[in-house]
Structure formats: structure tokens, C-alpha cells
Amino acid sequence: MSKRNHLWLFAVPLVMLATTLTAMADLTGGSQPSELATFDSPTGETFFALSLNPTEPAPAATGHDVLVLFDTSASQTGAYRDDAIRALNGMLSSLGSEDRVKLMSIDLNAVAMTEQFVAPGSQAMRDGLARLQQRVPLGSTDMQRGLRGAAENFSGPATRPRALVYMGDGHSRANLLYSQDMESLVSDLTDKQIPVSSYAIGPGRDLILLATLANQTGGKVHVDAPEGGSAEQAGQAMAQAARGTVYWPKTADLPGSMRETLPSRVPPLRSDRDTVLIGMLDSRDAASISMTMETAGQTLEMSWEVQPQASNEDYRFLPDLVSSARSDGGIRLPTVGSSGLAEVAQMMVAVDENLARLGENALRTGNVQGALQVAETILQRDPNNPQARAIVQAARNMGGRDDDPGLRLVNIQDAPDAAAPAAGRAVPGGNQPGALLQELLDSGGGFMANVENLAAIDEQRMRAQVEQEMTEARDRMRTNPEGAKRDLKLLLETIDRSDSLTPENRTQLRRQVEGAIREAERREIEVRNRRELAEANRAASEERQRAVEETARTRQKIKQMLDRFNSLMAEGRYNDAEDIIAFEVRELDPYGTTPVAAVWWSRFSGHVHEMEALREVRHRNFARALLTVEKALVPFPDEPPVMYPEPQVWADLSLRRRQYAAIDLARRGSSEEKIMTALDDDTTLDFIESPLQQVLGFLADLHDINIEANWRLLDMDEGITTETTVTRNLQGITLRSALRLLLRDLSDTLTYVIRDEVLLITTLDDAESELVTKVYPVGDLVLPIIGGMPMGGMGGGMGGGMMGGMGGGM
């Protein structure tokens, strides 16, 4: 059972006119297919309220596709959440086995709890209910986004009846629905044939919005039950609303006597309630109405014969209602059937009663002119309003004495008969004990009565102040929740200090303000989280911007380098293009395709250029070689003949030449001579995983020579560094052999040379790049040989025969 105070449609605690209730009950009848009530205004215009019921029976019941939109905003907590869950379970248990249901939650967005439409009692639905129970009520509700998101789950022709059931308070605080938004939303829902029914539950319900959606889309509204009702019964009522038959107008032929009809787009009809149209009539002649309807894929033709009824004072609210609805084409009319029209009438009568109370308060305080203005406003809306007539008469009785302080607590005399209501007409609250105006009319002007009235005014003023400040605080919560919370705390202190509030009203106001403070605290957390998220997004954006700028700079540099690359390629400097430009571009963009293409393009182009040059040299030398072959074919006479000495002469010549060993023009210094000598000395190596630099240092100290290594070249070509480890155990061999074995273990391309007075460890390529000049004496080869052969014979042989032989040989 619900243990909370409940409000009915429009949440206004008003007393309805007895005659209005009777008239509305007659209009709601349900057995009549149509009723056309009218009211003639003092200006001579005729206003109407038309009630239509379907004239064709509902088709056979079929399975429905029902989408449940469950509100999980911050307002749906505690007992409201529990009752809503029970109502949802009651609704699911009341649906048929052929029905399919999809469950979604709604706050700022609509989130699916079930992936698709499933059976009401299936395991998938139980899993969806479990996920719904786990959602924490937070934030506000965006009704427009939620309804549009829910409607997207329905696609294609409506071969099965559809229904959307909303459970919540209907407040769209995250995104207010304006008339143009409402019109677009209603159009989308009706085009897809989705009636919206609502179970209004929560601490503060926007029943006007929920009733408007139900009226425009063919749905119903069920308000949270008062004491004694149950949530399960509410769920059963929502299941019946979801399974009700809805007729969707495709065409409507209204009589020409209806000058204006609101809503301008005829709302859908239902089998379980009537549909109400309001507007203005040009004549009271009988007329016919016909419409083409569609329901569950079937097309039906319906027609009504309507006869305007006599003007009825109970419908005196119609001029104001038509006037207010005209601005948006009636898109916001909350008249959900005749019962909804009755509630609208009750609300508009209450407006007049509230204005009358304002006029009474003005009279109490001596503001006669203000009271007359209020009364005139009421009489413009309702010329026969008894309260307004009484205020006018009382003000006239006061005459010009409103400046007398003694008359500020005036005793209003009974109004004359002219101000009495017409016979047979009930005055709302006029004959009820405690009615404010009647108390003044019946009182004798006692001082205590007036004091009590003033206290009531103070209490009303305090309640209005609290309501206004709470509204302003809620408006500031989105941007400045800290300030709103501070103001609400001050307001709470004001309530505690006020002497004009009764204990019950003080407790009620305190609860409202404390609830608003809790909401402000939640908003404060939300704003702080949004600020932190915005700061993080800003930092990430700046980082991305820096990355983009760095990328742009790199690309600009690559572009400039590629322009230089193209210039070198055009100049034929292919090696420079590869070594200087292409490799550096590849370092800037290691994963790009352009640097790879540049490297291979320059390399291939250089190779092709070199091959073309070599081909040219080969072709040229080939032709020259052929020329020498032709020259070699020229014969010459063997006169005088070539004569060679005896073998013994050659042997003596070889022995004599030993004294002319190779002569090195590069004279060695003492340090280099010392190194040459040390290379032939014995040495010892006994190292296990020792750094190479340590081994070389040991040998240098052992043999007292300088040993260096070209570390840069060794690292670049062979990957050998000072920390490269060596493991060797050698005994009784020369330093020369030990160095060869040691370097061979490290790489086949390592050697040593004596350069710049040090023993340098380097690569073979580096060692061969430096040439040493050697001098070989050959003088004995051209000097005459003494003995063994005459000089002339040798000279002639060498000068003539040899030269001739060489010439021929060549």
C-alpha cells in the first residue's frame, strides 16, 4: 500500500461545480457515439465541445508490441521507486502470452534493459528487470530524447498493435518541451501509430505533459493511487491501457459549420474512452462527420450525426480554453476524453476562485481599487460569477472611505439581491462553511476574526516566498549549485524563524527545502564532475593540438628535405640523395612509405647510372682491345735473333740481387721499431669474459707499447665496443700470433696496423685504405752482365730481339 499523499490529474485541490460534474458525466456517457455541447459567449460567438466514440467494433484481440519506458531519474527514489517496480511487475503479469515487451530505462537517455521485444514472463525479461533494479536513480529526465529513442525501436508498418507505456513523474527538467518540439514529437509518434500511456508517480508530477501526450497519441493516464490503492492494480490498469484498441485517423471530413477545430490534427480514437474536440460553431444545424480510420493494419470507415445542444453555462470556460489553445493549434491540449475536459474546467474555475480570494484580500487591506480590478477581470471571463459580483458590491459600499485607516478592517455587508447567483446555479464554495468570502459576509467584523485572516495572509505570503525562492534555486542549480544550496539553507533558517506558519505547514516546507538541498548537493557533484571532465578534455585537446602541430612541423620539414632530394636527383648526385636526405627522412618518418621509396629510388637510379657508365667504358675498351689484336697480327723478321744467357747466369744474377732488398721510403721512428720488435716477443693471454678494452690495456702494459683501437669504426661496421667480452687462454706464442687469433675470434674482418707510433686495431678496409711506398732497386737488371756472354750479344738481344719480341707479344 502507498503511504504518501497523492494528487489527481493536474494536482490542484479544487472543489468542482456540481452542475459541471453532472454535465461532464453526461458528456462522457460512452453509450452515445457523439455529443456536441455548446456555450454562447456574451459577444455572440458559439463555442463547442465535441465528444466522439468509435462507431465500429474493435477487431479481434491480437498480440501487442509494448515498450515500457521506466523513469530512473533522481526523483524516483524510495517508496516511489518501489511502487513503480511493483506496478511494472503487475503490468507484465497482466499481459498475454502473445504480447511482446521491451524494457528501457529513461533519464538523460533511453537505455535498453532487454535487447529486443520478449515475452512478458521470459528469462530475458527477468534479466532486464534485474538490470533495472541495479540502476541508481540519478540526474534529470529528458522526455523528448527518451520518447524519440523509444520510438526508434518500432520500424516498418504497424502490422501488430503498438503501445508505449511510461512510468514516472513526467518532468523533463533536462530538456523542456516547447510547442514546436511537442508538435514534432507527436507527429513522429502518430506516424508510427504509437499511443503513449503513462503511470504518473513521483513527488511532483507533470500531469499536463503526460495528459497532452495521451490526448494527442491515443493513450491514457493513470495517476498514482490514493490511500487504499495498490501498485499492482495500477499495473493491471496500464496493461489494459496498452492492450486497448486505438483508431488512427487517416482522413477526416468535418462539417463546414465548425469554423475552428482544436486540436487542428484530429487525435486518435480509443475503444475505452471518448475523444474530445473543441472549437467554434457558425450555426446550430445538424451535421455529419466521417473519418477513415486504421487499426492493426485494417482500414475502417466511421461516421457520426451530430446535433448541437442548447447553450450550457457549465461550459463557460470554453472561450478561454479555445483562445489559449489557438496559438499552437491545440497541440498542448490535455483533454484526455471528457474526464480530461472536466479537469480542465475545474482548473479554470479554480483560477477564478483564486482571483476572487485576491480581491477579498485587497478589500481586507483597504485596496478598493485593486479589488475592483480583480473583480472586473473575473467578470470578463464569467459575467455571472457570484464572488466577483460580491466583491464589486462590497467595494461600492466602501465608497471613497478607503483612505480611512479605521476601514482597513471593514466588515463587508451582505451583497444585495442583484449580486446573488442565478436561481438553480451553485456557487463554488459560496455556501460551504469556511469559504473566505462567505466568512466575511457572515462575520460581524470581530477583531479576532480579522487577525486570523491577516495571519492566514501572512502564511500564504510565506508559502509563496518559499515556492518562489525554491524555483529560483532550482534554476540556478545547473550553473551554480553551490550558491543555490547556500540560498536554500538560508531559506530553511527563514522557515524556522517564521511565526506565521503552523507546525504542519512548517514541517511540510522544511521537507520540500531539504529535498531541494539534497538535489542541489547532487547537482554540485554533477557540476564538479562535469568541470573535471571538461578540464581533462581540455588537457587532452591541448595534447592532441600539440601532437598535430608537431606532426605538421615534421611534415613540413620532410617536404623541404624531399624538395632538396629531388634537386640532388636532378643533378645526378644519387649517392648524396640517398645518404644525406633519404636516410634522414626515414628517421623522421620510420613507418612512412615515402622515405622507403626515396631510399630505393635514389639507390636504383645511382646503380643504373653507374651501370650505364661501366657499359660505356666496357664498349670503348673492347674496341681498343680488338685494335691491339689487329696490331699483334703484323709479322716482323727475326733478325737479329733473340738469344738468352745460360741458366747459370740467371742463378748468379739472382744471388747478386739479394743485397737490394725492399727499401721503405717511410722511415720508422723508435716507437714503431719498438712495436715491430714487440710483435715478435712471446706473450700470454688468460681471460674469461673480460672486456676487450681491458685485454688490450693488459697487452700494452705487458709489452710496454701503445695499443689503440678505432672504436667508432669498429662499433659502426662490426658492432664491437669497449665492453665486448673476450675469452682466451694462450701461452708461449708471439704477440703477432696472439693478436691474429684474438681478432679472428671477434671478426674475420679485423686486423692491426702500425700507424702514428701506435699499434692500431681496425678493420681490413681501413687498413687497406692507407698505402705504404716501397722502393725496389732494379739497376742490376739493366746493367751489362760481366762474364758469361759478350756485351754486344746481350745488348743486341735485349735491345733488338727483346724489344721486338715484346712488341710482337704485345
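Trp600 and Phe604 are 4 residues apart in helix 17, so about one helical turn separates them. The model is predicted, and the points below are grouped by topic.

- Helix 17 spans residues 593-632 and contains Phe604.
- Trp600 and Phe604 form a tilted aromatic pair, with 5.4 Å from centre to centre and 40° between the planes.
- Trp600 counts as partly exposed because its relative accessibility is 40%, and Phe604, at 49%, is also partly exposed.
- Together with Val596, Trp600 and Phe604 make a nonpolar surface patch of about 290 Å².

**Aromatic pairs**
- The structure holds 5 aromatic pairs.
- In one of them, the ring centres of Phe565 and Trp601 are 5.7 Å apart and the planes lie at 55°, so this pair is tilted.
- This pair links distant parts of the chain, with Phe565 in helix 15 (residues 503-570) and Trp601 in helix 17, 36 residues apart.
- Phe565 is buried, at 2% relative accessibility, whereas Trp601 is partly exposed, at 46%.

**Largest nonpolar core**
- The largest nonpolar core has 28 residues, of which Val66, Leu88, Met91 and Leu103 touch the most other members.
- Elements giving two or more residues to this core include strand 3 (65-71), helix 2 (78-94) and strand 4 (100-106).
- Helix 2 supplies the largest share of this core, 7 residues.
- Leaving aside residues up to four places away in sequence, the contacts of Leu103 include Val68, Leu88, Met113, Met125, Leu129 and Leu132.

Technical notes. Residues numbered from 1 in each chain as written. Predicted model: local features only at pLDDT ≥ 70, side-chain atom pairs only at ≥ 80, totals over all residues. Heavy atoms only, no water. Patch = residues over 30% accessible without salt bridge, like charges linked within 9 Å, V, L, I, M, F, W, Y side chains within 5 Å. Areas by Shrake-Rupley, 256 points an atom, 1.4 Å probe, with all protein chains shown as cover. Salt bridge = Lys/Arg side-chain N within 4 Å of Asp/Glu carboxyl O. Core = buried A, V, L, I, M, F, W, Y, C linked by side-chain atoms within 4.5 Å. Buried < 20%, exposed > 50% of the residue type's maximum accessible area, 1.4 Å probe, protein only. Contact = heavy atoms within 4.5 Å. Phe/Tyr/Trp six-rings, centres within 6.5 Å; stacked < 30°, edge-to-face > 60°.
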